[in-house]
Amino acid sequence: MVLRHGTHIFPTRQRVLLPNLLLNGRFLMRKATGVDRVATELAAALLACELPGVLSATHPAGVVVDQQDRPDVLMKATEVSVSRLRGQLWEQTALLQTNPQDWLLSLCNMGPVLRRKQIVMMHDAQVFREPQSYSRAFRRWYSIAQPLLARNAALVLTVSEHSKRELEAFGVVPPGKARVVHNGADHILRVTADAATLPRFKLMPQGYILAIGSSAPHKNLAFLVKAAQARTDTSQPLVIAGGGDAAVFAGQGISASDNVKILGRVSDSELRALYENATALAFPSLTEGFGLPPLEAMACGCPVIASTGGAIPEICGTAAILLDPYDQMGWTAALSTITYDPAIRFSLSQAGIARAAQFTWAAAAETLVGYLAELAQAEHPQPA
């Protein structure tokens with residue numbers, strides 16, 4: 001049911017007072033990662049709830065990266081900080097003192113650690129679970145800053161029940177403090193597929209297995225390459241998108257060949273075309289705090305083979321083939337089967353579309369609005 005609060009309109013089940021929010025827009029100054037995608041889409045969904053004045057945003061001085069790809073509703077609500085500082089220094093000092101009467105909304109794992117009037121989203125505990133995937137300096141900073149930030153912030157959000165358990169297990173977030181806001185996947189459906197993508201990369205429709213990831217060890221792509229190369233028939237190549245060029249993957253022992261293609265970073269339009277035309281998406285991560293690519297693929301009707309690592313089973317449910325991320329023979333068999341069995345592909349495609357429809361950014365925003373209402377009620381209790 002849609003209710004009004006003053007001039008604001010939002011979907012909820014009860015009349016509530018919402019706090020004024022200031023979005024930490026530091027993520028707008030860099031090429032978008034998965035975490036940045038969540039910040040962009042969730043903030044835009046909040047603004048689309050017709051809550052003018054409730055959410056504004058600020059970012060460091062400089063030019064927003066890929067501004068043309070950011071939702072107009074977000075960019076119109078965003079202002080440049082008066083500070084000339086940049087990066088972490090801006091976030092930890094200038095942002096700390098910006099609009100202190102508002103609640104700061106930091107959606108990309110980090111915010112000013114000393115600001116208590118803050119809502120922070122910590123996506124996962126990967127830096128603690130898979131430290132080999134991160135630099136020593138990054139690990140040290142997060143080991144100090146994140147627990148302090150989690151203790152000081154009034155509300156901690158995360159993206160899955162798995163991540164909630166992990167953050168608590170590693171002592172990052174106090175037990176019971178984190179609240180779950182699942183990601184959406186419907187952003188991929190707003191993108192128009194680039195019709196030139198397959199000819200550009202010399203691919204055929206339903207003629208390749210797609211993988212999305214980086215060279216980080218926990219993405220487990222070297223394992224996937226071995227599993228794919230062990231197939232009796234390798235005529236459908238494994239196509240790896242994202243994470244860097246061939247030189248980056250070479251460090252993980254992954255090299256391009258007749259049956260392994262490395263595309264590097266692709267645009268959203270290219271990614272949708274790749275999803276729609278792949279025989280399947282193979283996603284072998286050892287762990288994930290959420291696992292957005294499988295859900296994006298499902299939304300596009302692409303069958304999914306994924307690992308049992310981290311939050312992936314929680315997100316994919318029964319709509320994907322789920323395999324142990326160390327079972328190379330199992331992965332080889334699954335890749336072969338899905339290539340030659342159209343009935344399995346059709347069944348997975350239909351199940352995936354239905355599963356992905358349960359994860360929308362509007363639903364994520366409504367969940368967050370509920371938590372914000374609780375926060376506002378605690379700050380300003382209403383008379384019975």
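1. A357 counts as exposed, because its relative accessibility is 55%; here exposed means over 50% relative accessible area, buried under 20%, and partly exposed in between, with a 1.4 Å probe and protein chains only. The residue is placed in the loop between α14 (342-356) and α15, where helices (H or I, at least four residues) and strands (E, at least two) are DSSP runs numbered from the N terminus. From A357 to A145 the C-alpha to C-alpha distance is 36 Å, and the two are 212 residues apart in sequence.

2. A word on the basis of these values is in order. The model is predicted, so that local features need pLDDT of at least 70 and side-chain atom pairs count only at pLDDT 80 or more, while totals for chains, interfaces and linings use all residues. Residues are numbered from 1 along each chain as its sequence is written, and side-chain values use heavy atoms, with hydrogens and water left out.

3. How does helix α15 (residues 361-379) pack with α1? The two helices meet at an angle of about 75°, and their axes are 8 Å apart; axes are lines fitted to C-alpha atoms, for helices over the stretch in contact, and angles run from 0 to 180 degrees between N-to-C directions. This makes α1 roughly perpendicular to α15, a term for angles of 65 to 115 degrees, whereas those under 35 count as roughly parallel, those over 145 as roughly antiparallel and the rest as oblique. On the side of α1 the contact involves V38, E41, L42, A45 and L46, and on the side of α15 it involves W361, A362, A364, A365, L368 and V369; contact means heavy atoms within 4.5 Å. The contact of α1 with α15 comprises ten nonpolar residues, no polar ones and one charged. In this division Ala, Val, Leu, Ile, Met, Phe, Trp, Tyr, Cys and Pro are nonpolar, Asp, Glu, Lys and Arg are charged, and the others, Gly among them, are polar.

4. T337, I338, T339 and Y340 of α13 meet P342, I344, R345 and L348 of α14. In the contact of α13 with α14 there are five nonpolar residues, two polar and one charged.

5. How many salt bridges does the whole structure hold? The search finds eleven, a salt bridge being a side-chain nitrogen of Lys or Arg within 4 Å of a carboxyl oxygen of Asp or Glu. One of them joins E91 and R26, at 2.9 Å from N to O. This pair links distant parts of the chain, 65 residues apart: E91 belongs to helix α3 (residues 87-94), and R26 to the loop between β3 (21-24) and α1 (34-48). E91 is buried, because its relative accessible area is 3%.

6. In the pair of R30 and D36 the closest N and O atoms are 2.9 Å apart; R30 counts as partly exposed at 29% relative accessibility, whereas D36 is buried at 0%. E288 and K219 form another, with the closest N and O atoms 2.7 Å apart. Here E288 lies in the loop between β13 (280-283) and α11 (292-299), and K219 in the loop between β10 (209-212) and α8 (221-229), 69 residues apart. Both E288 and K219 are buried. R37, E41, R190 and D268 are linked in a network of salt bridges.

7. Where are the disulfides, defined as pairs of cysteine sulfur atoms within 2.5 Å? The count is zero. For C49 the nearest cysteine sulfur, in C108, is 19 Å away, and C49 is buried at 9% relative accessibility. The sulfur of C300 is too far for a bond, because the closest cysteine sulfur, in C302, is 7.9 Å from it. C300 is buried as well, with a relative accessible area of 14%.

8. Two backbone angles may be checked. Most residues other than glycine have a negative phi. N109, not a glycine, has a positive phi of about 80°; it lies in the loop between β6 (103-106) and β7 (118-121) and is buried, with a relative accessible area of 10%. Q206, also not a glycine, has a positive phi of about 50°. Q206 is found in the loop between α7 (197-201) and β10 and counts as partly exposed at 40% relative accessibility.

Methods: Disulfide = S-S within 2.5 Å.
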